[in-house]
Amino acid sequence: MPCGCATPPHAPGECNGPCSSPGYWEMIPTYQCFPFDFGGNNDGSNNSTNTNDNGTGDGDDGVPNPNGPNDGEDDGSYTTIVDDSNPEQCDNPPPGDLNGDCVVDIKDCILSGNSPEFCECKANGGSDTDCANECGRLKALSDVPSIKSKLQTVQQDSGNHEKIFRIDINSNTGEYLPSPIIEDNNGSNHANISVHHQTTAVVHSHPTSVKYKMFSADDILKLVQIVQRIQDFGVSTVQYLNITQMVVYRENNTFGFFAIRFDDIQSIQVLLHVRNNKRKQREFKRRIKNAYQNDWNYSTYTDETTISKQQAHLYEVLEDYGLNMTIFEVNFNAEDWNIDSWDKVDKNDTTIKIPCT
Ligand SMILES: [Zn+2]
């Protein structure tokens with residue numbers, strides 16, 4: 001064993017016989033360096049052709065690449081620097097410092113018996129009340145100043161161009177870190193962004209050129225692309241059920257800001273299965289696209305679609321697939337982006353918004 005806890009070398013809790021130290025596991029701070037997106041398409045595929053699937057926010061075809069687990073995307077390398085300069089117990093731990101590393105942080109929050117979701121929310125400035133439920137935790141995610149200013153930029157309608165950014169989590173502090181905004185300017189309405197194992201959300205716009213403002217099939221499949229990244233990488237502090245796709249739009253005087261998440265882990269497995277099967281993935285995309293087109297009125301030649309109708313259609317398709325997912329809608333002042341709260345869109349009547357309990 002090349003390294004171990006004193007003599008004879010052993011892993012913590014695995015000492016056979018007399019040892020000079022029992023050894024213990026401890027969280028240590030690490031710094032990770034991730035490749036940045038500066039726009040464009042870095043997934044190695046050619047998706048500059050507009051396939052006209054109404055704004056996907058994901059140029060990834062989702063089909064596993066036989067050459068490797070990474071789908072041929074995200075070929076940037078990961079650099080990990082481990083800072084072990086202060087693994088010692090400190091002499092005078094401040095109140096609440098349960099792991100004795102001299103700082104009161106997200107690890108102490110978890111150690112005192114709170115859920116990782118709650119602690120992540122607290123680490124980003126959420127109140128105890130907000131962090132106690134899912135709607136409040138979405139508020140914390142969307143209310144971080146650096147994220148809110150990007151949301152305001154993204155919502156500005158830029159004609160046919162989608163804008164997109166992702167939100168990563170600092171694995172030590174739990175802080176939400178927005179990436180730079182990518183704006184598609186290839187003449188298509190797709191903006192693509194790569195995701196990785198610390199990505200917790202993707203935020204994008206559905207500008208004028210995107211007819212149906214609700215989530216496209218690709219928007220939803222993007223959620224399991226993140227899951228795939230986490231599984232490929234093997235370790236992450238991202239909570240699967242916190243992985244969020246958000247869409248924002250501003251058209252004439254109407255505004256919208258929606259989020260979608262999984263309700264349970266089984267649904268993630270179901271959608272991973274769909275994503276990893278070319279035929280099933282095609283079918284899933286077709287089903288959602290067709291569902292949105294259901295409100296075309298053949299006698300008046302107009303599309304009588306509304307956001308609520310689109311949400312109802314989306315819920316129907318998801319239910320057919322056994323996918324338990326919830327759409328959330330924000331209550332906010334669209335002018336100054338003062339976010340009041342988030343509500344769930346009722347699955348039985350999408351005109352009804354229900355607060356989280
Ligand atoms: Zn989209």
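**Reading a helix and a core**

Modeller: On helix α7, the face turned away from the buried side carries the exposed residues I265, Q266 and Q269. Keep in mind that this is a predicted model.

Colleague: Which residues of α7 are buried?

Modeller: The general idea comes first. An α-helix has 3.6 residues a turn, so residues three or four places apart point the same way. In helix α7, which spans residues 265–275, the buried residues are S267, I268, L271, V274 and R275. They sit on the same side of α7 because they cover an arc of only 120° around the axis.

Colleague: How do I read a nonpolar core, and which members touch the most others in the largest one?

Modeller: In soluble globular proteins, nonpolar side chains tend to be buried together. The largest nonpolar core here has 68 residues, and V203, V248, F258 and F328 touch the most other members. Helix α6, residues 217–233, gives the most to this core, with 7 residues. Domain 1 (88–123) and domain 2 (124–354) each supply at least three residues to the core.

Colleague: Which residues does V248 touch?

Modeller: Not counting residues up to four places away in sequence, V248 touches L151, V154, Q155, V203, S205, G256 and F257. One of these, V203, is also among the core members that touch the most others.

Colleague: Is I339 buried, exposed or partly exposed, and why?

Modeller: To sort a residue, count the other C-beta atoms within 10 Å of its own: 20 or more is buried, 12 or fewer is exposed, and anything in between is partly exposed. I339 has 19, so it is partly exposed. I339 is part of strand β12, residues 338–345.

Colleague: What is I339 in contact with?

Modeller: Leaving aside neighbours within four places in sequence, I339 is in contact with K139, S142, D143, V330 and F332. I339 and A140 are 199 residues apart along the chain, and their C-alpha atoms are separated by 9.6 Å.

Colleague: Where does Y301 lie, and what is its phi?

Modeller: Y301 lies in the loop between β9 (296–297) and β10 (302–303). Its phi is positive, about 55°, although Y301 is not a glycine. Y301 counts as exposed because it has 7 C-beta neighbours inside 10 Å.

Colleague: What about W337?

Modeller: W337 also has a positive phi, near 60°, and is a residue other than glycine. The loop between β11 (325–333) and β12 holds W337. With 17 other C-beta atoms within 10 Å, W337 is partly exposed.

Note on methods: Residues are numbered from 1 along each chain as its sequence is written. This is a predicted model: local features need pLDDT of at least 70, side-chain atom pairs count only at pLDDT 80 or more; totals for chains, interfaces and linings use all residues. A nonpolar core is a set of buried Ala, Val, Leu, Ile, Met, Phe, Trp, Tyr and Cys residues joined through C-beta atoms within 7 Å. Helices (H or I, at least four residues) and strands (E, at least two) are DSSP runs, numbered from the N terminus. Domain bounds come from an automatic or database domain assignment. Two residues are in contact if their C-beta atoms, placed from the backbone, lie within 7 Å. The arc is that of the directions from the helix axis to the C-beta atoms.
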